[in-house]
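This report considers how the parts of a model pack against one another. The sequence and structure are shown first.

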Amino acid sequence: MPNVLRADGITVKFGGVTAVNNVSLSLGSGEILGLIGPNGAGKTTLFNAVTGFAPMHSGRITLLDKDITALPAFKRTRLGFGRTFQTERPFEELTVLENVLIAAFLTVGRRSEAERLAMSVLEQVGLADRARQPALDLNLARRRRLELAKALAVKPKVIFLDEIMAGLNPPALREMIAFVRSLSGQGLAVLMVEHIMEAIIELSDHVIVLASGEKIAEGTPHQVTRNERVIEAYLGTD
Amino acid sequence: MTKHLIGLGVLLAVGIAYPAIFPNNLTIAISVLLFAGWATSWDLLGGWNGQVSLGHASFVGLGAYLVAIGQSQFGLAPWWTMAMAAAVAAVLAYLWGWLTFSLRGPYFSLSTIAVAEILRLVAINEEWLTGGATGVFIATLPEPFGVDLFSRTAQFYMALAFAAVVIATIIVISRARFGYQLRAVREDEDSAMAAGIDPTATKLKAFMLSAALTSIGGGIYGIVLAFIEPHVIFALLLSVQIALTAIIGGRGTIWGPAVGALVLIGAGEIFRTTFAEANMLIYGILILVVVLFVPRGIVGELARRHIRRLYAKRAQG
């Protein structure tokens with residue numbers, strides 16, 4: 001499978017603390033990569049470094065063989081990154097449709113066409129009937145879907161999902177899992193940080209396990225869940 | 001969109017008829033219109049983009065001085081000097097924004113106070129150009145198509161055209177991609193970047209356009225005053241008044257700044273004539289009431305209630 005995204009030797013330091021140490025990953029189109037690890041393992045930091053929202057100490061990132069290491073976050077978006085935020089960040093003063101419209105305007109300049117694109121994305125995530133509602137009024141599950149819609153409306157090649165399953169009730173979780181699978185079915189490369197193992201095991205083609213900023217295991221979901229170092233990292237040792 | 005265009009039509013219709021109906025109240029109307037235009041320009045940056053400037057007097061002064069100096073020293077007609085003022089204001093805004101927009105928090109606002117102060121000192125000290133502390137006087141003006149630009153009626157129509165052009169600009173921008181980029185940056189810069197928006201570039205564009213528009217109004221103000229003194233035109237009070245007009249009327253709304261101008265400048269005039277020395281007190285109380293009870297400003301609060309009502313109705317039905 002040809003690589004869409006490659007990150008080599010990513011290291012992030014905060015002062016004297018190394019939050020992510022020399023982690024590499026690669027991702028092909030239609031592939032789902034799960035990033036797991038105990039709290040404080042550096043998952044979100046790695047995620048932010050790759051998407052350009054946290055400064056890197058060293059490492060190299062390529063998107064479709066183009067070096068994007070030095071590019072700011074918004075330029076990475078323009079080249080094909082879409083991301084959600086762990087704590088949903090809708091533009092609260094605006095309606096649901098306007099929220100997605102902002103993202104749609106990245107690829108479409110004309111308002112009527114951008115609105116059409118935004119509406120089709122809202123239909124895809126099941127929020128079309130809420131389009132005219134203020135974003136502030138959405139409940140958690142719908143805010144998650146709005147985050148997804150915003151990430152999809154930039155027409156990304158790689159989508160980064162930061163704990164979009166957390167806190168969802170079982171039916172909403174099932175829907176979300178099915179939805180993420182459909183994204184990879186459309187050829188999108190998916191990188192997801194997730195705590196819900198059910199989702200990771202069902203969806204991931206490949207899993208990377210982080211602990212204390214280091215990659216301690218990688219492989220298929222099956223392989224990593226049996227890995228002793230992983231069990232140790234999650235449960236601790238006596 | 002349509003209702004805003006109708007609003008603009010009403011403004012123009014009332015405006016065109018105004019001098020014939022109230023020929024003795026032109027000066028106050030000119031003030032209201034100029035403040036409406038300035039506050040709306042300010043709001044492009046302060047309301048729609050969330051970057052509060054306390055230095056917009058800089059651009060008013062720049063426009064006024066360029067028109068006055070151009071006329072008195074170089075015999076340049078105001079329309080040329082106003083175009084120059086818009087360009088100079090945009091360049092000044094670019095340089096200032098480039099230095100300060102990487103700072104998050106209140107630093108941009110604080111730094112804008114300094115711009116007007118620097119320009120004031122330049123105006124006082126570069127006497128050969130600006131007439132120093134005594135100021136510049138416009139003694140003659142060209143008469144395009146036989147119109148006397150010193151007449152209050154002509155000045156009223158210039159102020160009306162200025163306010164209408166600025167409001168029309170906001171109406172267009174509010175619906176366009178740029179308007180949404182402005183709001184996205186105001187609401188959340190990280191989220192904006194995730195949508196591919198460059199926050200700094202967006203703020204720079206907003207600041208430049210806001211400054212250019214303000215300076216054109218400043219040029220008209222120069223003609224209205226005919227006598228420009230540095231401590232009046234570059235005063236912090238003027239910068240604060242422009243910001244307050246927009247904030248009280250309603251930040252980030254199309255008509256808020258214009259309504260603010262009508263209330264503040266109109267009321268200010270009534271207070272001044274009725275309450276004499278007590279007028280600043282009442283002005284202060286008015287600001288306090290708005291900040292405490294109508295934090296979104298007059299139009300902002302009305303718009304919000306309207307949306308809530310519509311939405312509640314739909315949720316019931």
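What distance separates the centres of domain 1 of chain A and domain 2 of chain A, taken over C-alpha atoms? In this predicted model, the separation of those two centres is 24 Å. The division of chain A assigns 3-80 + 156-235 to domain 1 and 90-155 to domain 2.

Within chain A, 8 residues of domain 1 are in contact with 9 residues of domain 2. Between chains, 23 residues of chain A are in contact with 17 residues of chain B. On the chain A side of that contact with chain B, the elements that give two or more residues are helix H2 (73-79) and helix H3 (96-104) of chain A.

The composition of the two contacting sides is as follows.

The largest nonpolar core has 163 residues, and A:Val100 and A:Val190 touch the most other members. Because domain 1 (3-80 + 156-235) and domain 2 (90-155) of chain A both give residues to this core, it lies between them. In soluble globular proteins, nonpolar side chains tend to be buried together.

Which residues does A:Val190 touch, not counting residues up to four places away in sequence? With that exclusion, the contacts of A:Val190 are A:Ile32, A:Leu33, A:Ile159, A:Leu161, A:Val180, A:Leu183 and A:Ser184.

Terms used: Residues are numbered from 1 along each chain as its sequence is written. Chains are lettered from A and ligands numbered from 1 in the order in which they are written. This is a predicted model: local features need pLDDT of at least 70, side-chain atom pairs count only at pLDDT 80 or more; totals for chains, interfaces and linings use all residues. Two residues are in contact if their C-beta atoms, placed from the backbone, lie within 7 Å. Helices (H or I, at least four residues) and strands (E, at least two) are DSSP runs, numbered from the N terminus. Domain bounds come from an automatic or database domain assignment. A nonpolar core is a set of buried Ala, Val, Leu, Ile, Met, Phe, Trp, Tyr and Cys residues joined through C-beta atoms within 7 Å. A residue is buried if 20 or more other C-beta atoms lie within 10 Å of its own, exposed if 12 or fewer, and partly exposed in between; C-beta atoms are placed from the backbone.
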